[in-house]
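Hello,

Here is the structure we talked about. Please load it first, then read the notes below.

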Amino acid sequence: MTMPDDERFMRMALAEARRAGRLGEVPVGAIVVARGAEGAAARISRGHNLMRTRHDPTAHAEVVALRRAGRSARNYRLTGSTLYVTLEPCLLCLGAIVHARVSRIVYGATDPKRGALEAARSRPVAGLLHHRYRVTEGVLERECSEVLKSFFKARRLAPAIRP
């Protein structure tokens, strides 16, 4: 079930994804939204892939946004928050999401190769998770998929000189 602000926040995540793409990073963007007492967005943190830029295998968009949100909240537990991400989170990111106690994950494009949310629903994996979260998938899916497809198409067409 989508919420009224899902598309607005996913558009912010798409802007982050495009920022990553301009850096030569795989274009994935994430936004963490914490709600205030009246239900309005109280804090927003942003992140995009920075693995190549930072030489850091954990600098996925989700982890970058969660780190920033934790610093802003002065707490690694982000209970009640929603994570918006343009691509289905991987296993590394799912671990961070669970430890941060994110309440809801909203993503755009499904990742059939590395996406962990479907696998996490299976009995063996679900039993390992100590936190439950809600998932909304497919928000602005076409736009999220197109950003990734365009990036990889451009890379295939670019000269073969890569780091």
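Pockets come first, so here is the definition: on a 1 Å grid over the protein atoms alone, a pocket is an open set of points where a 1.4 Å probe fits, with protein on both sides within 12 Å along at least five of seven lines, and lining residues have an atom within 4 Å of a point. A volume is the space filled by probe spheres set on the points, which are joined across faces, edges and corners.

The model is predicted: local features need pLDDT of at least 70, side-chain atom pairs count only at pLDDT 80 or more, and totals for chains, interfaces and linings use all residues. Residues are numbered from 1 along each chain as its sequence is written, and side-chain values use heavy atoms, with hydrogens and water left out.

**Confidence**
pLDDT is the predictor's confidence in each residue, from 0 to 100. The protein chain averages 89, and 87% of the residues score at least 70. Helix α6 (residues 123-126) is lowest, at a mean of 53. Strand β3 (residues 82-87) is highest, at 98. Helices (H or I, at least four residues) and strands (E, at least two) are DSSP runs, numbered from the N terminus.

The largest pocket has a volume of about 620 Å³. Its lining counts 23 residues, with Val 26, Leu 87, Asp 111, Arg 114 and Leu 148 nearest the centre. Two or more lining residues come from each of α3 (61-73) and α7 (141-157). The largest share, 5 residues, belongs to α7.

The second largest pocket holds about 150 Å³. It is lined by 14 residues; Ala 34, Arg 43, Ala 73, Leu 78 and Ser 81 lie nearest its centre. Here β1 (29-35), β2 (41-48) and α3 each give two or more residues to the lining.

**Aromatic rings**
The whole structure has 2 aromatic pairs. Rings of Phe, Tyr and Trp (its six-membered ring) pair if their centres lie within 6.5 Å; planes under 30 degrees apart are stacked, over 60 edge-to-face, the rest tilted.

Phe 9 and Tyr 84 are tilted, at 5.3 Å between centres and 40 degrees between planes. They link distant parts of the chain: Phe 9 sits in helix α1 (residues 6-22) and Tyr 84 in strand β3, 75 residues apart. Phe 9 is buried (under 20% relative accessible area; exposed is over 50%, partly exposed in between; 1.4 Å probe, protein chains only), at 0%. Tyr 84 is also buried, at 0%.

Phe 151 and Phe 152 have centres 5.1 Å apart and planes at 80 degrees, so this pair is edge-to-face. Phe 151 is buried at 13%, whereas Phe 152 is partly exposed at 32%.

Best wishes
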